[in-house]
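Welcome! Let us take a walk through this structure together, one part at a time.

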Amino acid sequence: MTAPTEPAWLPALFSMSPWSPAVKEALYAVFRRDFVDNPACYQNCEVWFFPERERGKELIFWHLVEREDPPRSGNRLPDFRRAERLPWARAMLDHLDDPAVLHWDYAEGDGDIHTYVWLQALDYLIVMKKYRDGRRRLITAFWLEYENKRRKLAQKHAQRLL
């Protein structure tokens, strides 16, 4: 099987090695550049996040570069696959017209509408909550590691709101 072709607009993976406080600060600079200093849009509507801070940074930043480990323990650890793709999030939102980027709204079981932005060939996903005024709140973004996650996401795409 051949490796998927990366779109020309997609930034390079962020170098995570060796992991250090300096790498974490450089990742935070990418987050600030892409989401704080120059807020993103989704279909001409603001993409925002809650302003809560933890460990001196916006809480959403940690959801973009860490994962809960072990699941449901409440402890978060660096997720190198997630973090190295952080520069992709803004680029994907800026290139929604590219057929490589699937994006859709889906009605979750609790009634919330979530917007999914999926670079399917490279297994990277952004999840946002849609509000009535069209704005989207950034919830998380991550690399899809498991086939069952891909299948569930494909099912959500098939059942998307039109």
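**Starting from Leu-93**

Leaving aside neighbours within four places in sequence, Leu-93 is in contact with Phe-35, Ala-40, Cys-41, Tyr-42, Val-47, Val-117, Ile-126 and Met-128. Keep in mind that this is a predicted model.

Leu-93 is also among the residues with the most contacts inside the largest nonpolar core, along with Phe-31, Val-117, Leu-119 and Ile-126. That core has 36 residues. Which elements give two or more residues to it? They are helix 1, helix 2, helix 4, strand 8, strand 9 and strand 10. A second, separate core of nine residues includes Tyr-116, Trp-118, Phe-142 and Leu-144.

Now turn to helix 1, which spans residues 21-36. Its buried residues are Val-23, Leu-27, Tyr-28, Val-30, Phe-31, Asp-34 and Phe-35. These cover an arc of only 155° around the axis, so they lie on the same side of helix 1. In general, an α-helix has 3.6 residues a turn, so residues three or four places apart point the same way. The buried residues of helix 1 pack against several elements, including helix 2, helix 4 and strand 10. On the face turned away from the buried side, you will find the exposed residues Pro-21 and Ala-22.

Six strands make up an open sheet with mixed pairing, in the order 1-2-10-9-8-7. Strand 1 and strand 7 stand at the edges with a single partner strand each, so one side of each has no neighbour in the sheet. Strand 1 runs antiparallel to strand 2, and two bridges join them. Helix 4 packs on the sheet, touching strands 1, 2, 7, 8 and 9, and its direction makes about 60° with that of strand 9.

Note on methods. Residues numbered from 1 in each chain as written. Predicted model: local features only at pLDDT ≥ 70, side-chain atom pairs only at ≥ 80, totals over all residues. Heavy atoms only, no water. Buried < 20%, exposed > 50% of the residue type's maximum accessible area, 1.4 Å probe, protein only. Helix = DSSP H or I, 4+ residues; strand = E, 2+ residues; numbered from the N terminus. Arc of directions from axis to C-beta. Contact = heavy atoms within 4.5 Å. Core = buried A, V, L, I, M, F, W, Y, C linked by side-chain atoms within 4.5 Å. Pairing = 2+ DSSP bridges. Axes fitted to C-alpha atoms, helices over the stretch in contact; angles between N-to-C directions.
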